[in-house]
Amino acid sequence: MLDALMVSLLVTTDLPPETDLAEFGQLVADAVQTLQHGEVTYPGSLRGGAFWLDRPAPPSDDGLPHPVTEELRFAALLGYLSASRPAGSAKEMAADAGRAITAAVAARYGDLGSPPAVMAIRSEDVRERTPRWAVLVKTADAVPEPATAAARVHV
């Protein structure tokens with residue numbers, strides 16, 4: 001038997017300074033397309049918004065661009081993960097998503113010093129804390145799921 005679940009997620013990570021925010025958001029959204037719990041794989045879908053949590057460097061006094069810095073930038077994604085999965089909890093599904101997202105970020109950006117933080121949060125936090133300027137993303141080619149339909153009703 002499959003459970004249709006929806007989990008509100010917060011993903012945060014450091015990224016190289018030249019990272020394209022839309023690319024990062026799409027990477028995270030696509031990472032959950034196939035989730036794994038033990039030996040079982042199941043399809044997932046994520047929709048949300050990616051944004052920077054830090055501020056870019058202010059313009060220089062002389063109008064010239066700042067020299068390229070090696071300092072990492074702090075990014076976040078808030079969104080809704082939905083999936084039909086074998087019986088289990090929303091906490092387990094968030095952990096499955098965390099493993100998939102961590103692997104995708106490491107494959108794309110290399111060792112950033114620490115893995116992304118992926119945690120379940122309240123759905124109100126997604127609605128209230130996603131900035132208007134966030135880059136909207138959703139899992140490409142997601143399989144329509146009952147959880148997705150349910151998510152539309154409750155969001």
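**Entry 1. Helices α1 and α2**

I began with the packing of helix α1, residues 21-31, against helix α2, residues 90-109, in this predicted model. Two packed helices are described by the angle between their axes and the distance between the axes. For α1 and α2 I noted an angle of about 140°, and the axes lie 8 Å apart. That angle makes α1 oblique to α2, because the roughly antiparallel class takes angles over 145 degrees. I recorded the handedness of the crossing of α1 and α2 as right-handed.

I then listed the residues that make this contact. From α1 they are E23, F24, L27, V28 and A31. From α2 they are A100, I101, A104, V105, R108 and Y109.

**Entry 2**

I turned next to strand β2, residues 34-37, and strand β3, residues 40-52. These strands run antiparallel and are joined by four bridges. I looked up two of the pairings: H37 has V40 of β3 as its bridge partner, and Q36 is partnered by T41 of β3. β2 and β3 form a hairpin, and I found two residues between the strands. In the turn, G38 has a positive phi of about 65°.

**Entry 3. Further partners of β3**

Which strand pairs with β3 over nine bridges? I identified it as strand β4, residues 73-86, and the sense of the pairing is antiparallel. Within it, S45 has S82 of β4 as its bridge partner.

I also followed β3 to strand β6, residues 135-138. Four bridges join β3 to β6, and these strands run antiparallel. Here I noted that G49 stands opposite L136 of β6.

**Entry 4. Confidence of the model**

The protein averages a pLDDT of 86, and 81% of the residues score at least 70. Where does the pLDDT fall below 50? I located such a stretch at residues 145-155. Beyond near neighbours in sequence, I recorded 19 contacts for this stretch in the model.

Terms used. Residues are numbered from 1 along each chain as its sequence is written. This is a predicted model: local features need pLDDT of at least 70, side-chain atom pairs count only at pLDDT 80 or more; totals for chains, interfaces and linings use all residues. Side-chain values use heavy atoms; hydrogens and water are left out. Axes are lines fitted to C-alpha atoms, for helices over the stretch in contact, and angles run from 0 to 180 degrees between N-to-C directions. Angles under 35 degrees count as roughly parallel, over 145 as roughly antiparallel, 65 to 115 as roughly perpendicular and the rest as oblique. A crossing is left-handed if the near helix is turned anticlockwise from the far one by less than a right angle, and right-handed if clockwise. Contact means heavy atoms within 4.5 Å. pLDDT is the predictor's confidence in each residue, from 0 to 100. Two strands pair if DSSP finds at least two bridges between them.
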